[in-house]
Amino acid sequence: MSNIVAIVGRPNVGKSTLYNRLTETRKAIVDDFSGVTRDRHYGVAEWLNHQFTVIDTGGYVANSDDVFEAAIREQVDIAIEEASVILFIVDVTTGITDLDDEIATRLRKSSKPVFVVVNKLDNNSQVADSMVFYSLGLGEIYSISSMTGSGTGELLDEVVKHFEDVVIEENTRPKYAIVGRPNVGKSSIINSLIGKDRNIVTPIAGTTRDSIHIHYNQYGHDFMLIDTAGMRKKTKVKENIEFYSVMRTIKALEEADVIILMIDAVEGIESQDINIFHLAEKNKKGIMVVVNKWDLIEKNNKTVKVFEEQIREKIAPFTDVPIVFTSVTEKQRVLKVIDVANQVYHNRARKIATSKLNEVMLPIIENYPPPSIKGKYVKIKYITQIAGSSPMFAFFCNLPQYVKEPYYRFIENKLRENFDFSGAPIQVWFRQK
């Protein structure tokens, strides 16, 4: 299981600002209006050599007060169920509200570690005001300013103490996780593969309850399939289905070797899919894209090409990813998905002999050396592959600090052109000789 830190709280207490600070991104939109976080945000953070996933809850639409508040309540419940640690953000400038009280009541019932994080402490005169939050009955409070970052280090020091050390068991069989937004056909493709209705499939989005591990052993293939649909059985608030699936997806993603990202041909690739794609890439997993419900698209001889180009444009810069078009209901190209996943698995594990690497790459580097900077020339002497779960290469040279980002991309592209790494993220390092 991966360590997941969920940020919960009512609107406009600074959840997104804290999320941006922990993940060192500016992905979540921050505004003075409450409820601007419509999209779900999840990213990777690191503290004291612990990597963990941060989830910014939000993503509710304020149509009516009761739906809006029901959404927050439900997100808190899901966070309690799925996260390793919960950060409950409150706002020192407004004190305790009824909604804070209600969230606290739910959190007190959970066995998960909960941190009360008092935000917006921008000056020392507010320290006395923060004491009122002890009355929530959730133990110690942590005062921070997510705008300036003060106090976040002490908070994270405590948070990482609650992480479980992840023990990765030796796994001889490849693990493939089928991920994607609700109702794209994840359970259907598994039923189609194993030839029986192992999962309940209904047209209602989000009917799978848990991540299901299935041992697949037929047609000469032997691997574990992880179905991540992972949903609540019923929910009043539609967005929370997505939230639940995201939590499940992250856990499966950490476990799997290859991520099979399913998207809906009718809806196309959406921001949620792109988020999952980049999370898989960051975790150095093999990736392939499956476009399902292809039977519903009107086609001409250019359709596939155009669709592929649109997907590659949105997932750039890592575009060397196989794309398979399927229709599960029509049983079209379902087995091809497995063949391609196997191929990606082997590409990710591919080892290239040092002699072969140097024989192919050194002449390319000689013809296109790194650009000189301030009259300094980078000379690359030799190349070797480093042992790791995904392809990693060290290029030994005299001045590694002068090699800039575009040249890294150039080298990666040349490695991909000459060796088959389709679907596998590649890491390139320049090291001092």
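This text walks through a predicted model of one chain, from its overall make-up to selected side-chain pairs.

The chain has 433 residues, and 54% of them are buried. It holds 12 helices and 15 strands. Count the contacts with a separation of 6 or more: residues 24 or more positions apart account for 69% of them. The accessible surface comes to about 20500 Å². Carbon and sulfur atoms own 49% of that surface.

Take helix H12 as a way in. Its 14 residues should span 20 Å at 1.5 Å a residue, and the end C-alpha atoms are 20 Å apart, so expectation and model agree. Which residues of H12 are buried? They are Tyr407, Ile411, Lys414, Leu415 and Arg416. An α-helix has 3.6 residues a turn, so residues three or four places apart point the same way. The buried residues of H12 pack against helix H11 (354-367) and against strand S13 (380-386), S14 and S15.

Tyr407 belongs to an aromatic cluster with Tyr368, Phe395, Tyr408, Phe410 and Phe430. Arginine 416 forms a salt bridge with aspartate 320, at 3.1 Å from N to O. This pair links distant parts of the chain: arginine 416 sits in helix H12, aspartate 320 in the loop between H9 and S12, and 96 residues separate them. Arginine 416 has a relative accessible area of 12%; the cut-off for buried is under 20%, so it counts as buried. Aspartate 320, at 24%, is partly exposed.

The loop between H9 and S12 has other features. Proline 317 is found there. The peptide bond from alanine 316 to proline 317 is cis, with omega near 10 degrees. Most residues other than glycine have a negative phi, and most peptide bonds are trans. Phenylalanine 318 lies in this loop too.

Now the aromatic pairs. The whole structure contains 15 of them. Phenylalanine 277 and phenylalanine 318 make a tilted pair, 5.8 Å centre to centre with 40 degrees between the planes.

Phenylalanine 393 is in strand S14 (residues 392-397), and phenylalanine 421 is in the loop between helix H12 (405-418) and strand S15 (427-432). They are 28 residues apart. Phenylalanine 393 is buried at 0% relative accessibility. Phenylalanine 421 is likewise buried at 0%.

Back to charge. Side chains of opposite charge can pair when their charged atoms come close. The count of salt bridges comes to 16. In one of them, aspartate 91 meets lysine 120, with the closest N and O atoms 3.2 Å apart. Aspartate 91 lies in strand S4 (residues 85-91) and lysine 120 in the loop between strand S5 (114-119) and H4, so the bridge ties together parts 29 residues apart in sequence. Aspartate 91 is buried at 3%. Lysine 120 is partly exposed at 24%.

Aspartate 264 and lysine 293 form another salt bridge, with closest N and O atoms 3.2 Å apart. Aspartate 264 is in strand S10 (residues 258-264) and lysine 293 in the loop between S11 and H9, so parts 29 residues apart in sequence are tied together. Aspartate 264 is buried at 5%. Lysine 293 is partly exposed at 23%. Its backbone stands out as well: phi of lysine 293 is near 65 degrees, a positive value in a residue other than glycine. Lysine 284 also has a positive phi, near 60 degrees. Lysine 284 is found in the loop between H8 and strand S11 (286-292), and it is partly exposed at 22%.

The last stop is the surface. Val127, Met131 and Tyr134 make a nonpolar patch of about 250 Å². Methionine 131 is in the loop between helix H4 (127-130) and strand S6 (141-143). Its relative accessibility is 42%, so methionine 131 counts as partly exposed.

Note on methods:
Residues numbered from 1 in each chain as written. Predicted model: local features only at pLDDT ≥ 70, side-chain atom pairs only at ≥ 80, totals over all residues. Heavy atoms only, no water. Patch = residues over 30% accessible without salt bridge, like charges linked within 9 Å, V, L, I, M, F, W, Y side chains within 5 Å. Areas by Shrake-Rupley, 256 points an atom, 1.4 Å probe, with all protein chains shown as cover. Salt bridge = Lys/Arg side-chain N within 4 Å of Asp/Glu carboxyl O. Helix = DSSP H or I, 4+ residues; strand = E, 2+ residues; numbered from the N terminus. Buried < 20%, exposed > 50% of the residue type's maximum accessible area, 1.4 Å probe, protein only. Phe/Tyr/Trp six-rings, centres within 6.5 Å; stacked < 30°, edge-to-face > 60°. Contact = heavy atoms within 4.5 Å. Expected span 1.5 Å × (residues − 1).
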